[in-house]
Amino acid sequence: MDKLEPLDHCYGTTLEEIERTLRYALDIVSDGIWDWNIRTNHVKRSPGWYSMLGHPPDSLPEDVDTWRSVIHPGDFERVMRNFQAYLDGESLIYAEDYRCRCRDGSYLWISDHGRFVEFDEAGKPTRMIGAHRNIHRRKMAALALQRKNDELLALNRKLEGLVEARTEALRQANEALARQVEAAMRLSETDPLTQISNRRHFERSLHGEWQRFQRHGHVTALLMFDLDHFKRINDNHGHQIGDRALVAVSRTVRAALRDEDCFARWGGEEFIALLPETDQGAALLLAERLRLLVSQADPSLPLGLTASFSVAAMQAGEGIESLLKRLDDGLYRAKQQRNCIVGC
Ligand SMILES: Nc1nc2c(ncn2[C@@H]2O[C@H](COP(=O)(O)OP(=O)(O)OP(=O)(O)O)[C@@H](O)[C@H]2O)c(=O)[nH]1
């Protein structure tokens, strides 16, 4: 521990003069000073120290217990621990901010600094002097700022939570919307009775496939069929049975086709299939298989079902309208005989 440099060369010659000079200096830089004789345990406190805490000068016992008794219980342990660490030489400085109880019971934040100033021959400290500074306003302002900061942090966390929740709600709403759009899309492309594609969807698929055929020349065929004497079925057995027959035929044919084949209800009791990567020969074989399947579509129906088929493969340089017309003409010819297949 550093010892104080002798002050006699500039502040006086006697010890008393030096002590007085020291007190003046401490009075200027602090609000209260304390001077502890470690050997006797006597503590002398300046008038400023008493007035800072609202006491008349020299009105309290001049010992260490007076100091202990005014420290705020919430600060007591920390202050004692650090003070002891200085006394034990574990800490090089003693400097603590804490609350001191005033005479009226209120507490004042002070900053306390102290150091040993005298030692015996063995180097043991015999005297310690310290200074108190009133830091109440600064400390209160700092605490208020800290509180404000904590409030802002809490608000920020709350806002972050709100934003997160809102983002999640928005994400879920978007997902629900996407599902609705997808369902609406599916609905707009589906025939309500048979649940296979409708004409609108088929035309879009046909357009795409036709463009691919133009670009890459991949063989693609179309197959169209029309149930025979369907009017008689309705007339003889009722519209409901007619509907059941349409559903049964749709299910049977859909199940017999590949996923990539687009199968649609073209109108009334007329159906159409788009068969990518299929040439005329393969499409004719498929039509024959379907012709047999249609007749077995629903054995529980009180009638026999047959259909007339037309098959046409895409041809280079031919437009969609012409292709469909060819298919239509083929079906017209098949209808002259019924329950048969016409390639065109
Ligand atoms: N039950 C039912 N019948 C339908 C539906 N759509 C069309 N039809 C009927 O299908 C029948 C088609 O009759 P037509 O065009 O004369 O043909 P067809 O009786 O099958 O005779 P061909 O085609 O010459 O063999 C009509 O009676 C329509 O009412 C439907 O969704 N449900």
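Helices (H or I, at least four residues) and strands (E, at least two) are DSSP runs, numbered from the N terminus. By that count the chain has 11 helices and 10 strands. This is a predicted model: local features need pLDDT of at least 70, side-chain atom pairs count only at pLDDT 80 or more, and totals for chains, interfaces and linings use all residues. Residue numbers start from 1 along each chain as its sequence is written.

**View 1. The whole chain.** Burial is set by neighbour counts: a residue is buried if 20 or more other C-beta atoms lie within 10 Å of its own, exposed if 12 or fewer, and partly exposed in between, with C-beta atoms placed from the backbone. Of the 344 residues in the chain, 24% are buried. Two residues are in contact if their C-beta atoms, placed from the backbone, lie within 7 Å. Among contacts with a separation of 6 or more, 56% join residues 24 or more positions apart.

View 2. Helix α9 covers residues 239-256. The expected span of a helix is 1.5 Å times one less than its number of residues. For the 18 residues of α9 that gives 26 Å, and the end C-alpha atoms are 26 Å apart, which agrees. The buried residues of α9 are G242, A245, L246, V249, S250 and V253. Seen down the axis, they fall within an arc of 130°, so they line one face of α9. The arc is that of the directions from the helix axis to the C-beta atoms. Q240 and A255 are exposed on the other side of α9. The cover over the buried residues of α9 includes β6, α8 (230-237), β7 (262-267), β8 and α10.

**View 3. Where α9 crosses α10.** The axes of α9 and α10 (residues 280-295) come within 9 Å and cross at roughly 145°. Axes are lines fitted to C-alpha atoms, for helices over the stretch in contact, and angles run from 0 to 180 degrees between N-to-C directions. The crossing of α9 with α10 is right-handed. A crossing is left-handed if the near helix is turned anticlockwise from the far one by less than a right angle, and right-handed if clockwise. V249, T252, V253 and A256 of α9 meet R289, L290, L293 and V294 of α10. The residues of this contact divide into 6 nonpolar, 1 polar and 1 charged. Ala, Val, Leu, Ile, Met, Phe, Trp, Tyr, Cys and Pro count as nonpolar, Asp, Glu, Lys and Arg as charged, and the others, Gly among them, as polar.

**View 4. L284 in helix α10.** L284 belongs to α10. It has 18 C-beta neighbours inside 10 Å, so L284 counts as partly exposed. Beyond four places in sequence, L284 touches V311, I341 and G343. L284 and A313 are 29 residues apart along the chain, with their C-alpha atoms separated by 10.0 Å.

**View 5. Helix α11 and its buried side.** Helix α11 (residues 320-337) has 18 residues. From first C-alpha to last it reaches 27 Å, close to the 26 Å expected at 1.5 Å a residue. L327, G330, L331 and A334 are the buried residues of α11. They cover an arc of only 100° around the axis, which puts them on the same side of α11. E321, S322 and Q336 are exposed on the other side of α11. Among the elements covering the buried residues of α11 are β6 (220-227), β9 (307-313) and β10 (341-343). R338 follows α11 and has a positive phi, near 70°.

**View 6. G330 within α11.** G330 lies in α11. It counts as buried, with 22 C-beta neighbours inside 10 Å. Leaving aside neighbours within four places in sequence, G330 is in contact with S310, A312, V342 and C344. G330 and A312 are 18 residues apart in sequence and 8.3 Å apart in space, C-alpha to C-alpha.

**View 7. Two loop residues with positive phi.** Most residues other than glycine have a negative phi. D58 has a positive phi near 55° and is not a glycine. D58 sits in the loop between α3 (47-52) and α4 (64-70). It is exposed, with 12 other C-beta atoms within 10 Å. E277, also not a glycine, has a positive phi of about 55°. The loop between β8 (270-276) and α10 holds E277. E277 counts as partly exposed, with 13 C-beta neighbours inside 10 Å.
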